[in-house]
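Hi,

Here is the structure I promised to pass on. Have a look first, and my notes follow below.

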Amino acid sequence: MRIHPKATPRGSFGQPGIRRGRRRVGRYRDRRGRGLRSPLLPQNVPAYNTRSDEFDAVALEAFAEIDAQWHDQLAGLDIAVDEIPRLLPRDPETVEWPDEVTADGAVPLARLIPAGMDVHGVPTRAQIILFRRPLESRAKKGTDLLELVHEVLVQQVATHLGVDEDTIDRGPE
């Protein structure tokens with residue numbers, strides 16, 4: 001025979017037999033369902049932009065000069081930004097990267113993926129992938145980062161077009 005605890009009448013809290021309801025996890029910050037009354041930071045302050053947003057702006061600014069001179073030849077080229085490189089050398093001491101990879105020693109800074117076909121047979125566009133973290137760690141913010149990203153983009157565009165890097169800086173004849 002089982003003995004069940006006797007239920008207490010409603011209204012008497014703290015005694016066994018009364019369920020108070022389930023405790024909802026994560027309701028402490030927004031207790032009454034109103035949410036934030038305004039954005040945490042206004043859009044016009046520098047702290048509103050993340051590091052990724054700032055790097056994207058630097059990459060666009062660095063590519064703008066190249067695109068202004070070579071726009072017709074770069075119509076089928078995409079620029080992408082990835083946090084870290086997904087390719088690593090097997091032996092970091094004696095690594096030799098192909099021309100499609102711009103690297104600083106054993107750490108790749110950018111990679112060119114030529115146009116081709118994907119696994120479904122759909123044609124893909126050529127793509128330059130900039131690796132944000134290695135580039136940011138090698139240059140300080142501001143003009144140093146802008147110059148480094150521009151230099152890497154010049155190398156990648158030269159590889160994509162099959163011309164010399166000096167030709168990219170001078171522009172097409």
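Strand S1 (77-82) is joined by six bridges to strand S6 (residues 126-131), and the two run parallel. (Two strands pair if DSSP finds at least two bridges between them; helices (H or I, at least four residues) and strands (E, at least two) are DSSP runs, numbered from the N terminus.) Within this pairing, Asp78 stands opposite Gln127 in S6. Both strands belong to an open sheet of four with mixed pairing, in the order S1-S6-S3-S2. Its edges are S1 and strand S2 (101-104), each of which pairs on one side only.

Before going on, please keep in mind that this is a predicted model: local features need pLDDT of at least 70, side-chain atom pairs count only at pLDDT 80 or more, and totals for chains, interfaces and linings use all residues. Residues are numbered from 1 along each chain as its sequence is written, and side-chain values use heavy atoms, with hydrogens and water left out.

Next, the salt bridges. Counting a side-chain nitrogen of Lys or Arg within 4 Å of a carboxyl oxygen of Asp or Glu, there are six salt bridges. Asp78 is partly exposed at 29% relative accessibility, and so is Arg125 at 46% (buried means under 20% relative accessible area, exposed over 50%, partly exposed in between, with a 1.4 Å probe and protein chains only).

Asp104 and Arg138 form another salt bridge, at 2.7 Å, N to O. That pair links strand S2 to helix H2, 34 residues apart. There is also a network of salt bridges linking Glu83, Arg132, Arg133 and Glu136.

Finally, helix H1 (residues 51-70). Its 20 residues reach 28 Å from the first C-alpha to the last, close to the 28 Å expected at 1.5 Å a residue (the expected span is 1.5 Å times one less than the number of residues). H1 has a bend of about 35 degrees at Ala64, taken as the angle between axes fitted to the seven residues ending there and the seven starting there. Its buried residues include Phe55, Val58, Phe63 and Trp70. The buried residues of H1 pack against S1, S6 and helices H2 (132-138), H3 (143-161) and H4 (165-170), where contact means heavy atoms within 4.5 Å.

Best wishes
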